[in-house]
Amino acid sequence: RGSREWNDDSAPAISFALCRWMLNGEIIHHSAEVAARANPDVESLFLATLSRRPTENEASAAKRHLAAYPGDLASIAQALINTSEFLFIR
């Protein structure tokens, strides 16, 4: 029976190289930029990526990030793509 973090416990452990690719890979970066262009605000980005609205904490963290880096939805999209929730859903 799979856990909440991974749907198949018999799968091999994820390697460091795969983790590094997920965080820094060009395909992931490009996917995050496309998602950010297609979704003009934080709520629609969460709905498109995780199929849910952001919690109050997530929304406030996103607002703080956007206040410091205006228009940088791509970084938020990349963070969402790299969550275990995204891995489990997709």
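Residues are classed as buried under 20% relative accessible area, exposed over 50% and partly exposed in between (1.4 Å probe, protein chains only). The structure is a predicted model, in which local features need pLDDT of at least 70 and side-chain atom pairs count only at pLDDT 80 or more, while totals for chains, interfaces and linings use all residues. Residues are numbered from 1 along each chain as its sequence is written, and side-chain values use heavy atoms, with hydrogens and water left out.

C19 is partly exposed, because its relative accessible area is 36%. This residue lies in helix α1 (residues 16–24), where helices are DSSP runs of H or I with at least four residues, numbered from the N terminus. The C-alpha atom of C19 is separated by 9.1 Å from that of N82, 63 residues apart along the chain.

Helix α3 (residues 42–50) and helix α5 (residues 73–81) have axes that come within 10 Å and cross at roughly 30 degrees. Axes are lines fitted to C-alpha atoms, for helices over the stretch in contact, and angles run from 0 to 180 degrees between N-to-C directions. Angles under 35 degrees count as roughly parallel, and α3 and α5 are therefore roughly parallel to each other. The contact (heavy atoms within 4.5 Å) is made by V42, L45, F46, T49 and L50 of α3 together with L73, I76, A77, L80 and I81 of α5. By class, this contact has 9 nonpolar residues, 1 polar residue and no charged residues; Ala, Val, Leu, Ile, Met, Phe, Trp, Tyr, Cys and Pro count as nonpolar, Asp, Glu, Lys and Arg as charged, and the others, Gly among them, as polar. The buried residues of α3 are V42, S44, L45, F46, T49 and L50. Just after α3, S51 takes a positive phi of about 60 degrees.

A nonpolar core is a set of buried Ala, Val, Leu, Ile, Met, Phe, Trp, Tyr and Cys residues joined through side-chain atoms within 4.5 Å. The largest such core has 16 residues, of which V42, L45, L73, I76 and L80 touch the most other members. Two or more residues each are given to this core by α2 (26–38), α3 and α5, and the largest share, 6 residues, comes from α5. Residues up to four places away in sequence not being counted, I76 touches V42, L45, A62, H65 and L66.

Q78 also lies in helix α5 and is buried, because its relative accessible area is 15%. Leaving aside neighbours within four places in sequence, Q78 is in contact with M22, L23, I28, H29 and A32.

Note on methods: Angles under 35 degrees count as roughly parallel, over 145 as roughly antiparallel, 65 to 115 as roughly perpendicular and the rest as oblique.
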